[in-house]
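Subject: Structure handover

Hello,

Here is the structure I promised. Please open it next to this note and follow the contacts as you read.

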Amino acid sequence: MHAALAGPLLAALLATARARPQPPDAGQCRPPGSQRDLNSFLWTIRRDPPAYLFGTIHVPYTRVWDFIPDNSKAAFQASARVYFELDLTDPYTISALASCQLLPHGENLQDVLPRELYWRLKRHLDYVKLMMPSWMTPAQRGKGLYADYLFNAIAGNWERKRPVWVMLMVNSLTETDVRSRGVPVLDLYLAQRAEKMKKSTGAVERVEEQCHPLNGLNFSQVLFALNQTLLQHESVRAGSLQAPYTTEDLIKHYNCGDLNAVIFNHDTSQLPNFINTTLPPHEQVTAQEIDSYFRQELIYKRNERMGKRVMTLLQENEDKICFFAFGAGHFLGNNTVIDVLRQAGLEVEHTPAGQTIRRLEAA
């Protein structure tokens, strides 16, 4: 499987842009004058030897690498054990993800979706396929990536997928995201580096634990979500909508913005934002229900589980420096992984960019 398509759940196959492409420099900010000025997503768990928590985002690593502080890189370097949300280099993870997305009993989307919604979806995907060659960059072509290959890698087999996964797939088929394919996302890049450096790697979650909550949304909510997603993309095509959260916004916040939990929670759950004031009241209610369901299932419950597994791994590796790289949204906002660890009595502190990391060799 192509490197850009392996990775954490949804980041594997889906990116986070919500709609209209941004100008290429929207995610840029001035290179900082010193390390001290950088935004830090590193936390230290105080023990001997220390352990580290590092917040990633699911975007091509090349867009953020130069803005990651040296001390975060030093903490990674010094670690003997590196843990991710999922085992990003394991073929089972990729195949489990693919099968989790399929409709049961060999059904097709055409069998389950209302006729009009199905045809709107097909029209939109035909449009994307048509546009794909013009969206691709010379660099992608230079690497031998073809539009047809890329379309099939992202959208192939869409007729067999559950509607909730098709909705997420539609969100990843934007010009901005297509242009960034072919470069590993930050998590995957770290996993590949860890392997090269012969570090011991592992995961704190199984695909099923990330996947089942998505499949647990009820059918009327899924139809609402798919319809809203298509409406959003159709409006973007018509030129009447600017999307609320784009990949470029995400990169900008990560590189030079604040630690904004709202934006990073969207990256963590990989979901579009359905709540907007133009919806009629009953649809507002549905949007709120979906939002709180996913917040509960994809953020809070996962944070609880991930926090407990971090503690188990720390106990099993008392003499080793451990490095945990999860989506930044798991460390920001309410009921975070950090909250779970602190409630259990661990001392966790944010590590600013200028602070020195003990130069211990990976033990």
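Start with the charged cluster. Glu85, Glu205, Arg206, Glu209, Arg302, Arg305 and Arg309 are linked in a network of salt bridges. A salt bridge here is a side-chain nitrogen of Lys or Arg within 4 Å of a carboxyl oxygen of Asp or Glu.

Before going further, the ground rules. This is a predicted model: local features need pLDDT of at least 70, side-chain atom pairs count only at pLDDT 80 or more, and totals for chains, interfaces and linings use all residues. Residues are numbered from 1 along each chain as its sequence is written, and side-chain values use heavy atoms, with hydrogens and water left out.

Salt bridges

The structure has 15 salt bridges.

Arg305 pairs with Glu209, with the closest N and O atoms 3.7 Å apart. This pair links distant parts of the chain: Arg305 lies in helix α14 (residues 281–316) and Glu209 in helix α10, 96 residues apart. Helices are DSSP runs of H or I with at least four residues, strands are runs of E with at least two, and both are numbered from the N terminus. Glu209 is buried, at 12% relative accessible area. Arg305 is partly exposed, at 22%. The cut-offs: buried is under 20% relative accessible area, exposed is over 50%, and partly exposed is in between (1.4 Å probe, protein chains only).

Glu347 and Arg46 also form a salt bridge (3.8 Å, N to O). They too link distant parts of the chain, 301 residues apart. Glu347 sits in the loop between α15 (337–343) and β6 (348–350). Arg46 sits in the loop between β1 (42–45) and β2 (51–56). Glu347 is partly exposed, at 46% relative accessibility.

Arg179 and Glu175 meet at 3.9 Å, N to O. Both belong to helix α8 (residues 175–179); they are four residues apart, so about one helical turn separates them. Arg179 is partly exposed at 39%, and Glu175 is partly exposed at 24%.

Helix packing

Back to α10. The axes of α2 (residues 91–100) and α10 (residues 207–215) come within 10 Å and cross at roughly 15 degrees. The two helices are therefore roughly parallel (an angle under 35 degrees). The contact (heavy atoms within 4.5 Å) uses Tyr92, Thr93, Ala96, Leu97 and Cys100 of α2. From α10 come Val207, Glu208, Cys211 and Asn215.

Over to you.

Technical notes:
Axes fitted to C-alpha atoms, helices over the stretch in contact; angles between N-to-C directions. Parallel < 35°, antiparallel > 145°, perpendicular 65-115°, else oblique.
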